[in-house]
Amino acid sequence: MANLLDQRTRYQKLDPSGVGQSVALLPAQLADGWEAAATVKLPAAWSKSRSLVIAGMGGSALGPDVVRAATANELPVSTTIVNGYDLPAGVGRDTVVLAISYSGSTEETLSAAAEARKRHARLIVMTTGGALATWARQHRTPLVILPTHNNPSGQPRLASGLVMAAELRLLTRLGWLKFTPAAFSRLRSRAALATRAVGIDVPTQRNWAKRTALDLRGHFALVIAGEHLTGNAHLLSNQLNETAKMFAVPFALPELNHHLLEGLTYPASVRTGTAVFLTSRRYSERMATRVALTDKLFRRQHLSTLTMTVPPGTALEEAVAVIALGSWLSYYGGIANGVKPALIPWVNTFKRALAAPSH
């Protein structure tokens with residue numbers, strides 16, 4: 001079993017679309033995103049906006065959720081992420097709205113962008129092209145075009161670094177973050193270190209992501225984090241769903257402690273779950289205590305637990321390291337499960353059915 005994820009032929013058979021390449025190219029994606037947002041014109045008055053609303057669905061919203069959590073103690077404006085068609089009632093002239101659709105065809109994001117324009121919000125569009133890019137150009141809306149060459153799989157969930165870095169550049173240019181080129185260079189270095197540490201060439205016995213993927217076979221996952229890593233719990237759960245084709249849900253501490261501990265009794269099949277804790281030395285003392293105690297009580301209820309210990313760094317550096325480690329984990333999960341990690345047949349079936357004329 002240990003050698004299952006060290007078989008090169010298995011990757012060649014199951015991953016002709018280059019999902020593993022996309023995961024390995026995270027550092028390059030960060031560089032691409034940072035450059036993509038460097039020249040878009042942003043009126044000086046926008047820096048005085050009172051709030052930030054990000055509209056995006058699925059993989060397009062994962063990077064922004066990581067940024068939201070990791071910068072919560074730094075950003076001077078509130079951040080709301082909208083996963084749907086409609087914007088909050090308070091969105092208006094003093095709101096920056098960032099509409100993100102990797103494909104450029106996401107109907108919810110197209111709707112949100114049109115609504116933002118109607119309300120005279122300060123709209124920025126981020127996409128690789130498609131209908132959203134065409135719409136932005138028609139309406140002379142600030143537009144960030146994301147390059148795709150370092151995401152050979154073409155999957156939005158595997159371009160989180162690209163979107164994340166582009167957003168960080170925008171927030172820096174708006175004066176909301178003090179994120180220097182040197183800080184960005186360190187961020188890329190952290191991504192590169194984490195990516196190499198658990199890459200395909202690292203054998204299972206020395207590879208945390210491979211071993212954990214094997215441990216999770218036949219289980220569902222509760223992905224648990226606190227403070228600056230809550231966005232990563234969302235991202236990892238999404239990738240486990242789509243890439244590994246396994247049931248995974250995110251939970252945030254301390255909220256989890258107020259309900260989930262009572263939800264592990266029925267049905268008995270809950271025992272097939274595994275709690276995956278994302279832990280950090282940056283956690284407050286109280287949060288660290290909660291993680292340890294929650295782990296202990298889960299095990300008393302016969303629920304398996306695993307821990308991803310994040311290499312220490314700034315909040316953003318730790319977040320990008322977790323993206324790297326988690327992306328590899330979900331990738332190896334798909335390979336271990338014998339599925340093609342790029343394919344999302346049920347999601348595509350739903351989208352086709354939604355687009356079909358009503359009968």
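The side chains of Asp295 and Arg299 form a salt bridge at 2.5 Å, N to O, the term meaning a side-chain nitrogen of Lys or Arg within 4 Å of a carboxyl oxygen of Asp or Glu. Both residues sit in helix α11 (residues 285-300), 4 residues apart, about one turn of the helix; helices here are DSSP runs of H or I with at least four residues, strands are runs of E with at least two, and numbering starts at the N terminus. Asp295 counts as buried at 12% relative accessibility, while Arg299 is partly exposed at 47% (buried is under 20% relative accessible area, exposed over 50%, partly exposed in between, with a 1.4 Å probe and protein chains only).

This is a predicted model, where local features need pLDDT of at least 70, side-chain atom pairs count only at pLDDT 80 or more, and totals for chains, interfaces and linings use all residues. Residues are numbered from 1 along each chain as its sequence is written, and side-chain values use heavy atoms, leaving out hydrogens and water.

The salt bridge count comes to 9. Another one joins Arg190 and Glu317 at 3.8 Å, N to O. That pair links distant parts of the chain, helix α8 and helix α12 (residues 315-337), 127 residues apart. Both Arg190 and Glu317 are buried, and together with Arg186 they make up a salt-bridge network.

Now look at α7 (residues 160-173), a helix of 14 residues. It's mostly covered, with 12 of its 14 residues buried, including Met164 and Glu167. Gly175 follows α7, and its phi is positive, near 85 degrees.

Technical notes:
The expected span of a helix is 1.5 Å times one less than its number of residues.
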